[in-house]
Amino acid sequence: MRQTDSSTSGTVLLTGATGFVGRELLWRLVRQPGNRVVCLLRAKNDAEAAAKLAHVLDQARPEPLTAEQRARATVVRGDLTEEELGLSPEQQDELAASVHRVIHDAATVDWATSLETARQINVEGTRRILELAALAHARGVLRRFDYVSTCHVCGRRRGRIAEESLDDSEGFFNHYEQSKFEAEQLVRSSALPFATFRLSSVVGDSRTGYSSTFKVMYWPLKMLSRGMAWVVPADRRGIVDIVPVDYVCDALEALSADMSQRGKTFHLAAGPEHSSTIGELLDLGVKTFRVRAPLLVPPSVFFYTLRPLLFLITWGKRREMLRKGRVYVPYFSFRAPFDTSQARAVLDKLGLRPPLVQDYFQKLIDYAIASDWGKRPPNVAAVSVPAGGAERRP
Ligand SMILES: NC(=O)c1ccc[n+]([C@@H]2O[C@H](COP(=O)([O-])OP(=O)(O)OC[C@H]3O[C@@H](n4cnc5c(N)ncnc54)[C@H](OP(=O)(O)O)[C@@H]3O)[C@@H](O)[C@H]2O)c1
């Protein structure tokens, strides 16, 4: 039975509020009366930290925040890589005495990062946040610890991935995946009332297309839109699990509020029922951008024969694309569907379901093109895909 946190108001400590997912969570949290949100942000000094918070609050969607809502957010300067997060004993004491909920969202999401950096930020950073949360828990103040993770802690495994499984037997594609896996182990071994939310690939808002970032799924789509993706190391049957950021935040908030779900892990993913394949997404992209379909080749053929050849005969942007694109390749032939039954058991009853990407793809692309893939504020009136060709750059 759903046991909603009876005292939903209180002080929330949020990390990662300047990021893609974190800002969406912040905007939701400050719209709730009774909430006070303390954002832990890294900055050179307090003035810079305050300016970073103000900037994020200024961007609030879908409508601007009122003065009252803005006043619910405050900032504390802190860094995941510093001992005690760089907080003074007084700051730690104040947070331990007041924080009823922690949402630990901050991380490095760089797939090309070194293991050392990934561990410093994602593993040691999580350890430090857990230590701070434990102080609040020991005082009987903390009720919820929400950890934002990734479905890709499954690494190189194949076959359906259960939400509770945490298994590194097949290894990882990159250090980001490995560090998030190790951080999940820390969260699970804590004595805190935790819930872990594993996201798949997050894209912009399904209602407006808005996105503050154009990484992950956007980069290959941008290459396709510019007619630069003519040979792609991918398998048409590869699984593409995409979720819009509005669904992720709605689902996280609903699951977090249900106290009977503490100690569990949830896939906030499209799942086998709502995910797409590389082939479907490519067809959608080719139709939307009106470009020629790229030639798909098996990754092994691409790496051992084509890529070295292409490196010799390309330069400039195309060579840069070959270099940058390497980190994406494992995800172009991915064969592990993310089971979502644990999340669905709660969310279905609330009518919360991830939408099909086909239903909001055009909105994402309209927004991406209107903002030149994040390079400038969007000019929605100028949204267009010219007839008979790839996207033309303004
Ligand atoms: N986006 C996705 O598709 C996706 C998919 C699966 C899982 N996730 C998970 O979702 C969470 C958020 O991802 P995102 O895409 O929103 O990432 P993002 O946009 O890159 O934001 C990362 C956030 O972490 C903060 N941060 C990084 N290093 C820090 C440090 N040393 N100290 C304090 N703060 C630090 C950043 O602050 P600055 O502003 O100072 O850089 C930023 O606010 C992550 O835990 C990620 O693993 C995301």
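Visitor: Which residues in H7 are buried?

Guide: This is a predicted model, in which local features need pLDDT of at least 70 and side-chain atom pairs count only at pLDDT 80 or more, while totals for chains, interfaces and linings use all residues. Residues are numbered from 1 along each chain as its sequence is written. A residue is buried if 20 or more other C-beta atoms lie within 10 Å of its own, exposed if 12 or fewer, and partly exposed in between, with C-beta atoms placed from the backbone. Helices (H or I, at least four residues) and strands (E, at least two) are DSSP runs, numbered from the N terminus. In H7, the buried residues are Tyr218, Pro220, Leu221, Lys222, Met223, Leu224 and Ser225.

Visitor: Why is helix H7 described as largely enclosed by the rest of the structure?

Guide: Helix H7 (residues 218–225) is largely enclosed because seven of its eight residues are buried. Contact means that the C-beta atoms of two residues, placed from the backbone, lie within 7 Å. The cover over the buried residues of H7 includes helix H10 (278–289), helix H12 (316–325) and helix H14 (357–370). After H7 comes Gly227, with a positive phi near 70°.

Visitor: How is the protein chain divided into domains?

Guide: Domain bounds come from an automatic or database domain assignment. Here the protein chain is split into domain 1 (10–200 + 241–275 + 337–355) and domain 2 (212–240 + 276–335 + 357–389). Their centres, taken over C-alpha atoms, are separated by 29 Å. Contacts link 13 residues of domain 1 with twelve residues of domain 2. On the side of domain 1 that touches domain 2, H1 and strand S10 (242–244) are the elements that give two or more residues.

Visitor: Which residues of the largest nonpolar core touch the most other members?

Guide: In soluble globular proteins, nonpolar side chains tend to be buried together. A nonpolar core is a set of buried Ala, Val, Leu, Ile, Met, Phe, Trp, Tyr and Cys residues joined through C-beta atoms within 7 Å. The largest such core has 104 residues, of which Leu14, Leu26, Cys39, Val248 and Leu268 touch the most other members. Domain 1 and domain 2 each supply at least three residues to this core. Leaving aside residues up to four places away in sequence, Val248 touches Val21, Leu199, Val202, Val243 and Leu268.

Visitor: Which residues come nearest to the ligand?

Guide: A residue is near a molecule if its C-beta atom, placed from the backbone, lies within 6 Å of it. There are 26 residues around the ligand, and Thr18, Gly19, Ala106, Ala107 and Val202 come nearest. Two or more residues of the shell come from each of helix H1 (20–30), helix H5 (115–138), strand S5 (144–150) and strand S7 (201–203). H1 gives the most, with three residues.

Visitor: Is Thr196 buried or exposed?

Guide: Thr196 counts as buried because it has 23 C-beta neighbours inside 10 Å. This residue lies in strand S6 (residues 194–199). Residues up to four places away in sequence not being counted, Thr196 touches Tyr147, Ser149, Glu184, Val187 and Thr265. Thr196 and Glu184 are twelve residues apart in sequence, with 7.6 Å between their C-alpha atoms.

Visitor: What does the protein chain come to in secondary structure?

Guide: The protein chain has 14 helices and 13 strands. Of its 394 residues, 42% count as buried.
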